[in-house]
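I opened the model today to look up its fold, its cores and its salt bridges. The entries below are in the order in which I checked things.

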Amino acid sequence: MSKVPKPNSLSPNLSELYSKKVRVRACGILIEERSLLLINHKGLGKAGNLWSPPGGGLEFGESIDQCLRREFIEETGLEVAVHNLLFVHEYQSKNLHAVELFFKVKRMGGILAKGTDPEMAPEDQIISDLRFVTISELRIMNTEEKHNMLRELAEINDLLNISGYFKLCE
């Protein structure tokens with residue numbers, strides 16, 4: 001991946017929840033049959049609609065492995081095994097600082113279903129869709145609606161070969 005495109009930002013409602021804190025997120029890359037599992041979050045990103053791999057914030061006292069397994073169950077209904085660390089993505093803007101740790105994961109059980117964010121009230125849920133996406137589908141998505149690390153992919157499996165640290169400042 002030669003360059004990382006322009007960063008995403010938060011909607012005003014979410015800014016209050018996540019701004020002025022460093023947020024550590026564990027994220028999972030789940031690829032099955034040449035398709036990548038993505039979640040669509042309304043209210044995130046410049047377009048107000050962001051597709052990204054499942055994952056979420058690390059809680060105090062929780063291991064990264066525990067966090068990622070918990071987030072997958074909450075957001076997707078799937079039980080996963082957490083494998084190797086692939087890459088780190090750091091995002092900084094005026095109000096948001098997130099460090100995202102991306103791991104390869106493998107489905108172990110469960111039934112795929114749109115989940116919830118427990119930290120959000122029922123009327124404020126931001127998960128709007130969940131599905132496996134092919135590279136063809138990913139290519140035709142609006143660039144502003146894709147996580148930064150998904151914008152330059154030639155093939156879905158390229159995510160498994162990215163390594164290192166990527167920093168994006170707004």
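**Entry 1: confidence**

I noted first that this is a predicted model. The mean pLDDT of the protein chain is 86, and 86% of the residues reach 70 or more.

**Entry 2: fold and surface**

I listed the secondary structure and found three helices and nine strands. In sequence order the pattern reads α-β-β-β-β-β-α-β-β-β-α-β. The chain has 170 residues, and 49% of them count as buried. Among contacts with a separation of 6 or more, 68% are between residues 24 or more positions apart. The accessible surface comes to about 8,600 Å², and carbon and sulfur atoms hold 51% of that.

**Entry 3: nonpolar cores**

Which residues have the most contacts inside the largest nonpolar core? They are Phe-87, Leu-138 and Leu-159, in a core of 19 residues. E1, strand E3 (35–42), strand E6 (78–92) and helix H3 (135–140) each supply at least two residues of this core. Another core, of 16 residues, lies apart from it and includes Leu-30, Val-99, Leu-101 and Leu-130. I keep the general rule beside this: in soluble globular proteins, nonpolar side chains tend to be buried together.

I followed Leu-159 further. Leaving out neighbours within four places in sequence, Leu-159 is in contact with Ile-29, Leu-36, Leu-86, Phe-87, Met-149, Leu-150 and Leu-153.

Val-22, Val-24, Leu-58 and Ile-64 make a surface patch of about 280 Å². Val-24 sits in strand E1 (residues 22–29). I recorded Val-24 as partly exposed because its relative accessibility is 31%.

**Entry 4: salt bridges**

Glu-32 and Arg-107 meet through their side chains at 2.8 Å, N to O. This pair links distant parts of the chain, with Glu-32 in strand E2 and Arg-107 in strand E7, 75 residues apart. Glu-32 is partly exposed at 26% relative accessible area, and Arg-107 is partly exposed at 30%.

Asp-65 forms a salt bridge with Arg-69, and the closest N and O atoms are 2.8 Å apart. Asp-65 and Arg-69 are four residues apart in helix H2 (residues 64–76), so about one helical turn separates them. Asp-65 is partly exposed, with a relative accessible area of 32%; Arg-69 is also partly exposed, at 34%.

Are Glu-62 and Arg-70 buried or exposed? Both are buried. Their side chains meet in a salt bridge at 2.7 Å, N to O. I then found Glu-62 and Arg-70 in a network of salt bridges that also links Glu-59, Glu-71 and Glu-74.

**Entry 5: Thr-116**

I located Thr-116 in the loop between strand E7 (97–110) and strand E8 (127–133). Its relative accessibility is 43%, so I put Thr-116 down as partly exposed. Not counting residues up to four places away in sequence, Thr-116 touches Glu-74, Glu-75, Gln-125 and Ile-127. I also noted the distance to Thr-76: Thr-116 and Thr-76 are 40 residues apart in sequence and 8.4 Å apart in space, C-alpha to C-alpha.

**Entry 6: positive phi**

Last, I checked backbone angles. Most residues other than glycine have a negative phi. Glu-33 is not a glycine and has a positive phi of about 50 degrees. Arg-34, also a residue other than glycine, has a positive phi near 65 degrees. Glu-33 lies in the loop between E2 and E3, and Arg-34 lies in that loop as well. Glu-33 is exposed, at 79% relative accessible area, and Arg-34 counts as exposed at 62%.

Notes: Residues numbered from 1 in each chain as written. Predicted model: local features only at pLDDT ≥ 70, side-chain atom pairs only at ≥ 80, totals over all residues. Heavy atoms only, no water. Buried < 20%, exposed > 50% of the residue type's maximum accessible area, 1.4 Å probe, protein only. Contact = heavy atoms within 4.5 Å. Areas by Shrake-Rupley, 256 points an atom, 1.4 Å probe, with all protein chains shown as cover. Patch = residues over 30% accessible without salt bridge, like charges linked within 9 Å, V, L, I, M, F, W, Y side chains within 5 Å. Salt bridge = Lys/Arg side-chain N within 4 Å of Asp/Glu carboxyl O. pLDDT = per-residue confidence, 0-100. Core = buried A, V, L, I, M, F, W, Y, C linked by side-chain atoms within 4.5 Å.
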